[in-house]
Amino acid sequence: AAEEGFDIEDVEGAIEAAGHGPLPVLAVVGRPNVGKSTLVNRIIGRREAVVEDKPGVTRDRVTYEAEWAGRRFKVVDTGGWEQDVLGIDASVAAQAEYAIEAADAVVFVVDAKVGATDTDEAVVRLLRKAGKPVVLAANKVDGPSGEADAAYLWSLGLGEPHPVSALHGRGTGDMLDAVLEVLPDAPEQSFGTAVGGPRRIALIGRPNVGKSSLLNKVAGEERVVVNELAGTTRDPVDELIELGGVTWKFVDTAGIRKRVHLQQGADYYASLRTAAAVEKAEVAVILIDASENISVQDQRIITMAVEAGRAMVIAYNKWDTLDEERRYYLEREIETELAQVAWAPRVNVSARTGRHMEKLVPAIETALAGWETRVPTGRLNAFLGELVSAHPHPVRGGKQPRILFGTQAGTKPPRFVLFASGFIEAGYRRFIERRLREEFSFEGTPIHISVRVRE
Ligand code: GDP
Ligand code: GDP
């Protein structure tokens, strides 16, 4: 590195920054209007705008990346939730439950000006049951005079209330320091086979694509493993299913089986549930209804899994209904609409007839293998050296930026850091990604490439 003009500490820093695996998850929960979204905006530093809440507006983004004091984590925002037919208590509880389940730590936001309400008490009971670390944020303490209001919240029995003003940023730094004290470095659920028990699958897709049918099919034909494995099934919404001689954990199956009828906010609720399931899983099996056109909603779900950095398999369901013509158009649609995930293994299934069910497990295994691939530095650099001399970066302004060397900083998904002598254009980055995929077959996994430029 030194010969190439890079400071060794820069190189190590870049590798460390890029090398993280799945990030720990912080959920922000609380009643409507206590300031959850405002606080999330504050935490993520407004790098990504949280869509303004309007009744009935679909919020499909609920997870954001954040960084505080040099540590990175994900934030799940549960704002944007409208009261529905279940009534306020039940809806707050339902959204909080999903978020808490997927979280490694929770910020519970209470409006200090209002004080603790019955709904707040209900959420406290949920938090107790879940046993996750909780930081209590007493929000809307915009100045010193509000501190007394915050102190009343000791009564919730969650420890010290942290007085904050999400709106003005007052106290949020101290609160985040408290969060980092309780947030683990990596997701609580270990990712990997060695100690983590069964691999975790999220079966996701928009309503009516056939998730529950598929689950019933695989669980019905194969032996359903009763929840006996010690320590693996504390979670009643997950289900252990034996497939192809291996036990898998399907996460959040209760949400799939139990059809919750909601009116307002149903889309948001579905998004939150999908996001939570993806966070808990190692691999996402995305179900698409092959009998219908690929929709924006399908795309959003795919994007969610890609952005979460999970291994991915795409299953085209209802294959039994397809005629020649539909099959032809589907192939064209996949080529044009899903080109960005052409790397995902694909299976054409029918939950109704059981068609190609046996192909699901090999596809999942392929995706997980890609997700965990580690390319030795020597091999990577031999490959990069050949690539760069055969296909140099275009000359720009009389200069020709070069990739000097690279390393794989992490897995799950694979993350690379390339060190370059000048700015590397997006087109060339894509070219490198394509060639990396060809060479090392990262089937079924997103890969991340970051480029460091020599000063
Ligand atoms: P959510 O429903 O819990 O996500 O709440 P929002 O973040 O949408 O906030 C609800 C309302 O409270 C908005 O009008 C915010 O501007 C306001 N709000 C949020 N945080 C603060 C705060 O720290 N101080 C004051 N005075 N108002 C706040
Ligand atoms: P979910 O909302 O994603 O859980 O979807 P469901 O499993 O409830 O399925 C929605 C509808 O599609 C039901 O009427 C199912 O019978 C039907 N369905 C599911 N899978 C298939 C399939 O492979 N072929 C056909 N023809 N219909 C299916």
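Two residues are in contact if their C-beta atoms, placed from the backbone, lie within 7 Å. Helices (H or I, at least four residues) and strands (E, at least two) are DSSP runs, numbered from the N terminus. Axes are lines fitted to C-alpha atoms, for helices over the stretch in contact, and angles run from 0 to 180 degrees between N-to-C directions. With these terms, helix α4 (residues 118-130) lies across β1, β4 and β5 and runs at about 170 degrees to β4.

This is a predicted model: local features need pLDDT of at least 70, side-chain atom pairs count only at pLDDT 80 or more, and totals for chains, interfaces and linings use all residues. Residues are numbered from 1 along each chain as its sequence is written, while chains are lettered from A and ligands numbered from 1 in the order in which they are written.

Start with the whole chain. The protein chain has 15 helices and 15 strands. Of its 455 residues, 42% count as buried. A residue is buried if 20 or more other C-beta atoms lie within 10 Å of its own, exposed if 12 or fewer, and partly exposed in between. Take the contacts in the protein chain with a separation of 6 or more: residues 24 or more positions apart account for 74% of them.

Six strands form an open sheet in the order β2-β3-β1-β4-β5-β6, with mixed pairing. Two strands pair if DSSP finds at least two bridges between them. Strand β1 (residues 25-29) and strand β3 (residues 71-77) are parallel and share four bridges. There, Val 25 stands opposite Lys 74 in β3. Helix α2 (residues 36-43) packs on the sheet and touches β1, β2, β3, β4 (105-111) and β5 (134-139). The direction of α2 makes about 160 degrees with that of β3.

On its other side, what does Lys 74 in β3 stand opposite? The residue is Glu 65. β2 and β3 pair in the antiparallel sense over six bridges. Their hairpin has two residues between the strands, and Ala 69 there takes a positive phi near 50 degrees.

Next comes the nonpolar interior. A nonpolar core is a set of buried Ala, Val, Leu, Ile, Met, Phe, Trp, Tyr and Cys residues joined through C-beta atoms within 7 Å. The largest has 95 residues; Leu 26, Ala 27, Ala 99, Phe 108, Val 283, Ile 286 and Val 313 touch the most other members. Leaving aside residues up to four places away in sequence, Ala 27 touches Val 76, Thr 78, Ala 99, Ile 100, Ala 102, Ala 103 and Val 106. A second, separate core of 13 residues includes Phe 6, Leu 384, Leu 404 and Phe 405.

Move along to strand β7 (residues 199-204). Why is β7 largely enclosed by the rest of the structure? Five of its six residues are buried. Strand β9 (residues 246-250) pairs with β7 in the parallel sense over three bridges, and Ile 201 stands opposite Phe 250 in β9. Strand β10 (residues 283-289) also runs parallel to β7, joined by four bridges. The bridge partner of Leu 203 in β10 is Val 285.

The loop between β7 and α8 holds Asn 208. Asn 208 has a positive phi of about 75 degrees although it is not a glycine. It counts as exposed because it has 12 C-beta neighbours inside 10 Å.

Ligand 2 is surrounded by 16 residues, the closest being Gly 210, Lys 211, Ser 212, Ser 213 and Arg 352. A residue is near a molecule if its C-beta atom, placed from the backbone, lies within 6 Å of it. Helix α8 (residues 211-221) gives the largest share of this shell, three residues.

Finally, two loops. Ser 165 is found between β6 and α6 (172-182). With 21 other C-beta atoms within 10 Å, Ser 165 is buried.
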